[in-house]
Amino acid sequence: MANPPDLGVWRRTSPFAIAFFLGATIKAVAGSYIQLVASFGAIAYLTRFEFLSSRGSLAWAILAVVLAIGAAALLRYWFFRFKLEEDRLLIRQGFVKRTALDLPFDRVQGINVERSPVDRILGLMTVRLDTAGTATAEGRLPAVNTELADWLRTRVDRGRRRKRVGDGEDRARTPVDAVHPGAESFPDLSAGAQGPTTGGVIVRLTNSDMLRIGLADRKALVLAGALAALAQAAEPFEDAILGVLDTLQTAVADLGTFSQATAVILVVLAILFVLLLAVVVGAFLRHHDFTLSRQGTAFRSRGGLLTQKEVVVEAAKIQQLTLSRNLVLRWFGRYRFEALPAGAMPVPGGDNAGSLEIAENLTVPLLDGPVAETMRRQVFTAEAPGLTLLPASPGFVRVSPYYIRAIALRTVAVPVLGGAVFTLAQWGPSATASPPFAAWCLLWLALSGLIGLQSWRRRGYLHDDEGLASRRGLVGSRVDAFLFRKVQGVTVKRSPLQRRRGLATLEVHLSSGVVTVPYIARDTAARLRDYILYKVESSHLPWH
Amino acid sequence: MFANAQVPAEALPHAEQVDWQPLHSRFARRLQAGVLLRVLVFAGIGAGFHYGVATGGMAVLITAAPLLPTVAWTVFGAISLWALAWPAIAVPYRGYAVRDRDILYRSGVLWRSVRAVPFNRVQHTKTDSTPLDRRFGLANLSVFPAGGGAHKIRGLGGDTAERLRAFVSARIEAETGKATDFGVGESA
């Protein structure tokens with residue numbers, strides 16, 4: 001174990017952290033850019049754009065903004081100090097609003113490391129400690145060296161172990177180490193028997209995987225939309241574009257059969273290709289050389305080309321597993337996997353539940369079904385062997401068909417009512433009886449019916465004695481799975497329609513979020529609720 | 001799919017068949033008093049605006065749409081009356097029940113819900129009361145499970161809230177002593 005340079009001394013991080021604070025300040029400024037643009041627009045309007053005409057004052061303004069950001073970054077660096085102690089890390093920061101953070105190592109959920117290219121050249125990294133129990137806390141140490149990061153890691157590990165031993169609990173009974181009291185009877189289901197052995201790499205992404213991630217990225221769609229909007233905006237330049245095309249055409253005229261239409265299609269295809277390439281490159285930058293591996297009791301993911309990112313999450317802290325896929329991923333036969341650790345817990349004396357920081361999720365951007373099942377077995381160990389994360393599993397039970405009606409009502413109400421109000425306001429009451437309006441209503445009815453039907457087909461749930469998996473989706477699909485003993489609270493809800501039909505919606509509150517099972521028989525919901533409560537209240541295993 | 005060999009589902013205690021405790025009898029009136037205060041404030045603002053429009057430079061607005069003030073005041077009156085009546089309808093549907101190992105809270109007139117929070121998941125508890133609450137001798141109890149989202153029971157009698165809080169805290173202490181890795185520091 002690396003020895004820390006000095007314990008119990010307040011100190012600053014390396015001056016290179018100024019770059020980190022500069023980035024953070026710029027991000028904070030950019031985060032509120034809408035307000036900035038709005039106020040800038042208001043000023044511009046009020047002064048009738050006069051200040052823009054005098055170049056000098058604009059330059060001064062920009063200079064002032066740049067200086068202010070630089071000064072803020074410098075001040076933030078100067079006032080950021082931390083102290084290492086045997087069992088905790090203390091951070092003091094802020095020059096306007098001062099905050100002091102006290103992080104006992106045994107409360108740290110996971111350590112994440114980020115390295116920018118500059119960091120890597122200098123052998124530095126940014127360490128982030130995810131915790132439960134501190135609201136709005138940023139346990140983040142910018143620009144520290146490798147020794148310190150290693151020291152922190154071993155300390156966090158040791159703190160965790162000491163806590164477990166200190167609790168007087170037989171270590172073999174904690175869920176991390178193979179674990180379930182009944183595990184002896186299912187030796188083939190214990191961690192490692194089926195999946196890769198402890199310490200092994202579970203997922204490694206290749207370059208062709210990067211291509212898949214890029215293609216499945218939602219940004220590809222957004223970019224295509226942006227391209228369409230851009231084409232609209234480019235209308236005034238149509239002549240110029242056509243001129244270019246003309247020259248292109250004459251240039252390739254010798255080749256023969258090029259018409260203007262093919263040229264346009266080619267140009268559009270080329271632009272689309274470039275945009276897709278950009279998205280794929282983005283995936284490359286984020287996930288290059290991505291590996292997910294098991295490290296003792298924790299999972300570690302690491303990836304990224306320029307900025308390397310490492311996320312470490314303790315298996316025991318994971319509250320919920322999520323497997324999802326959209327159309328493109330479905331086409332590739334792959335999934336996206338997420339393991340959600342416990343969210344931050346409320347602090348005594350405060351009830352700012354909305355502003356709690358959530359610990360970082362362990363995300364695998366691309367994996368196939370068998371590996372996802374391996375991950376589930378490794379996280380849940382011998383518990384809940386009857387669960388599955390695969391949405392196509394035949395074990396999923398459908399919810400009541402009245403769900404179709406509920407979804408259809410929800411999707412139909414707003415557009416039809418909105419359309420009616422709009423029509424009334426625009427053309428008077430007589431127009432609401434007109435054929436176009438009726439057609440509009442019919443169209444929406446049909447569409448919402450289809451949406452309801454499809455949502456219902458995707459909805460489903462599956463459970464055994466230890467856990468539950470809930471499936472949902474419209475185009476893609478997503479499965480959330482959790483163990484009963486990690487539940488924080490249960491709600492049974494009944495709408496007027498549900499009460500007439502003897503149905504109910506079950507809401508399960510986890511430390512990582514809420515999982516819903518809608519429109520199941522009331523008795524089933526009540527029985528599940530009572531059973532979950534029984535499991536939670538009789539479980540003596542730690543839940544995080 | 002529900003295979004439950006160890007514990008027959010019928011043997012589990014049913015959360016519905018509990019003795020629901022109603023909220024304090026003065027709670028509906030306290031809510032109505034709150035609504036009344038807000039209605040008065042909005043009515044004052046509205047009256048001021050009305051007067052300003054009628055006498056000021058925007059009198060054109062009233063000559064253009066002479067029915068506008070009447071319609072606006074009618075809508076305002078209807079909403080106010082509804083808001084004043086609502087607590088009397090809704091409060092009887094709310095209630096709580098404390099069991100040995102969890103606390104239940106039900107609410108909702110049309111959309112009904114029953115929420116259960118086990119004591120061994122509660123991080124801490126809190127009671128609070130606004131000046132208006134105190135005038136009516138009421139207090140609110142919040143229990144905080146992990147992962148955010150307070151579980152708040154409004155409209156308890158002041159001493160009931162305090163007794164409940166003490167009870168829940170005692171239960172948490174007991175559970176913490178029993179559980180293995182539960183403590184996150186509060187009890188240490």
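## Report on chains A and B

Of the 188 residues of chain B, 25% count as buried. The model is a predicted one, and every value below is computed from it.

**Chain B: overall make-up**

Chain B contains five helices and seven strands. Along the sequence these elements follow the order β-α-α-α-β-β-β-β-α-β-β-α. Taking the contacts in chain B with a separation of 6 or more, 50% are accounted for by residues 24 or more positions apart.

**Chain A: overall make-up**

Chain A has 544 residues, and 35% of them count as buried. Its secondary structure comprises 16 helices and 19 strands. Among the contacts in chain A between residues at least 6 apart in sequence, those joining residues at least 24 apart make up 63%.

**Domains of chain B**

The domain assignment divides chain B into domain 1 (27–90) and domain 2 (93–176). Taken over C-alpha atoms, the centres of domain 1 and domain 2 of chain B are separated by 35 Å. Where the domains touch, seven residues of domain 1 of chain B are in contact with eight residues of domain 2 of chain B. On the domain 1 side, the elements giving two or more residues are α1 (27–55) and α3 (68–90) of chain B. α1(B) gives the most to that side, with five residues. By class, the side of domain 1 of chain B that touches domain 2 has four nonpolar, one polar and two charged residues.

From α1(B), the contact uses A28(B), L31(B), Q32(B), V35(B), L36(B), V39(B), G46(B) and H50(B). From α3(B), the residues are P69(B), F76(B), S80(B), A83(B), L84(B), P87(B) and A88(B). The contact of α1(B) with α3(B) has eleven nonpolar and four polar residues, and no charged ones.

In chain A, helix α13 (residues 402–427) and helix α14 (residues 435–458) have axes that come within 7 Å and cross at roughly 155 degrees. α13(A) and α14(A) are therefore roughly antiparallel to each other. The crossing in which α13(A) passes α14(A) is right-handed. On the α13(A) side, the residues that meet α14(A) include Y403(A), I404(A), R405(A), I407(A), T411(A), P415(A) and G419(A). On the α14(A) side, the residues include F437(A), W440(A), C441(A), W444(A), L445(A), G452(A) and W456(A). The residues of the contact of α13(A) with α14(A) divide into 15 nonpolar, seven polar and one charged.

**Individual residues of chain A**

A143(A) has a positive phi of about 50 degrees although it is not a glycine. A143(A) is found in strand β6 (residues 140–145) of chain A. D289(A), also not a glycine, has a positive phi of about 60 degrees. D289(A) lies in the loop between α10 (260–287) and β8 (291–295) of chain A.

Is A143(A) buried or exposed? A143(A) is buried, because 23 other C-beta atoms lie within 10 Å, and 20 or more are needed for that class.

L152(A) lies in helix α6 (residues 146–166) of chain A. L152(A) is buried, with 23 other C-beta atoms within 10 Å. Which residues is L152(A) in contact with, leaving aside its neighbours within four places in sequence? They are I111(A) and V127(A). L152(A) and D289(A) are 137 residues apart in sequence, and their C-alpha atoms are 25 Å apart in space.

| Residue | Other C-beta atoms within 10 Å | Class |
|---|---|---|
| A143(A) | 23 | buried |
| L152(A) | 23 | buried |

How values were computed:
Residues are numbered from 1 along each chain as its sequence is written. Chains are lettered from A and ligands numbered from 1 in the order in which they are written. This is a predicted model: local features need pLDDT of at least 70, side-chain atom pairs count only at pLDDT 80 or more; totals for chains, interfaces and linings use all residues. Axes are lines fitted to C-alpha atoms, for helices over the stretch in contact, and angles run from 0 to 180 degrees between N-to-C directions. Helices (H or I, at least four residues) and strands (E, at least two) are DSSP runs, numbered from the N terminus. Angles under 35 degrees count as roughly parallel, over 145 as roughly antiparallel, 65 to 115 as roughly perpendicular and the rest as oblique. A crossing is left-handed if the near helix is turned anticlockwise from the far one by less than a right angle, and right-handed if clockwise. Two residues are in contact if their C-beta atoms, placed from the backbone, lie within 7 Å. Ala, Val, Leu, Ile, Met, Phe, Trp, Tyr, Cys and Pro count as nonpolar, Asp, Glu, Lys and Arg as charged, and the others, Gly among them, as polar. Domain bounds come from an automatic or database domain assignment. A residue is buried if 20 or more other C-beta atoms lie within 10 Å of its own, exposed if 12 or fewer, and partly exposed in between; C-beta atoms are placed from the backbone.
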